[in-house]
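Q: I have a model open and want to learn to read it feature by feature. Where do we begin?

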Amino acid sequence: MSNINKKLNKVIKTLNDDKLAKVGYTKFVSVTPVDNGNARRNTKLEGNEIVADYPYATKLENGYSNQAPKGMTEPTIEFIRQYVYKQTGVKI
């Protein structure tokens, strides 16, 4: 197998891996602001989708909290990019 095939297979495995969703979910929850814990408690991973199931999710995502001025999605996406790069050597 050529070197490019090995690299592509590693990229495909990393991107299709359920672990990628779990890695993103863990990061998303970790950057979710904490007041009484409701937002973190009501953020769930459903399949490969992160669901913020509380009425003020949009406000938090739009930087309403000083604890998360960039919201939660932007830092999570950047973290996933770094994770994929570390795993595969490919920037996304």
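Predicted model: local features only at pLDDT ≥ 70, side-chain atom pairs only at ≥ 80, totals over all residues.

Q: Which residue forms a salt bridge with E78, and how far apart are the closest N and O atoms?

A: For a salt bridge, look for a side-chain nitrogen of Lys or Arg within 4 Å of a carboxyl oxygen of Asp or Glu. Here the partner is R81, with the closest N and O atoms 3.9 Å apart. R81 is partly exposed because its relative accessibility is 38%.

Q: Why are R81 and E78 separated by about one helical turn?

A: Both belong to helix α5, residues 73–88, and they are 3 residues apart, which means a separation of about one helical turn.

Q: How many salt bridges does the structure hold?

A: The count is 1 salt bridge.

Q: How should I read a nonpolar core?

A: Start with the general idea. In soluble globular proteins, nonpolar side chains tend to be buried together. In this model the largest nonpolar core has 7 residues: F28, V31, A39, Y54, A57, L60 and M72. Helices α2 (18–31) and α4 (57–61) each supply at least two residues of this core.

Q: What does V31 touch beyond four places in sequence?

A: V31 touches R40, A68, M72, P75 and T76.

Q: Is T43 buried or exposed?

A: T43 is buried, because its relative accessibility is 1%. T43 sits in strand β1, residues 43–46. Beyond four places in sequence, T43 touches Y25, F28, V29, I50, V51, A52 and Y54. A polar atom of the T43 side chain also lies 2.7 Å from the backbone oxygen of A39.

Q: Which residues form a nonpolar patch on the surface?

A: I4, L8 and I12 do, with about 290 Å² of accessible area together. L8 is found in helix α1, residues 3–16. With 44% relative accessibility, L8 counts as partly exposed.

Q: Where is G63 placed?

A: G63 is in the loop between α4 and α5. G63 counts as partly exposed because its relative accessible area is 22%. Leaving aside neighbours within four places in sequence, G63 contacts A68, P69 and G71.

Q: What separates the C-alpha atoms of G63 and K7?

A: Here, check sequence and space side by side. G63 and K7 are 56 residues apart along the chain, and their C-alpha atoms are separated by 37 Å.

Methods. Residues numbered from 1 in each chain as written. Heavy atoms only, no water. Patch = residues over 30% accessible without salt bridge, like charges linked within 9 Å, V, L, I, M, F, W, Y side chains within 5 Å. Areas by Shrake-Rupley, 256 points an atom, 1.4 Å probe, with all protein chains shown as cover. Helix = DSSP H or I, 4+ residues; strand = E, 2+ residues; numbered from the N terminus. Buried < 20%, exposed > 50% of the residue type's maximum accessible area, 1.4 Å probe, protein only. Polar contact = N/O pair within 3.5 Å; in protein donor to acceptor, adjacent residues only side chain to side chain. Contact = heavy atoms within 4.5 Å. Core = buried A, V, L, I, M, F, W, Y, C linked by side-chain atoms within 4.5 Å.
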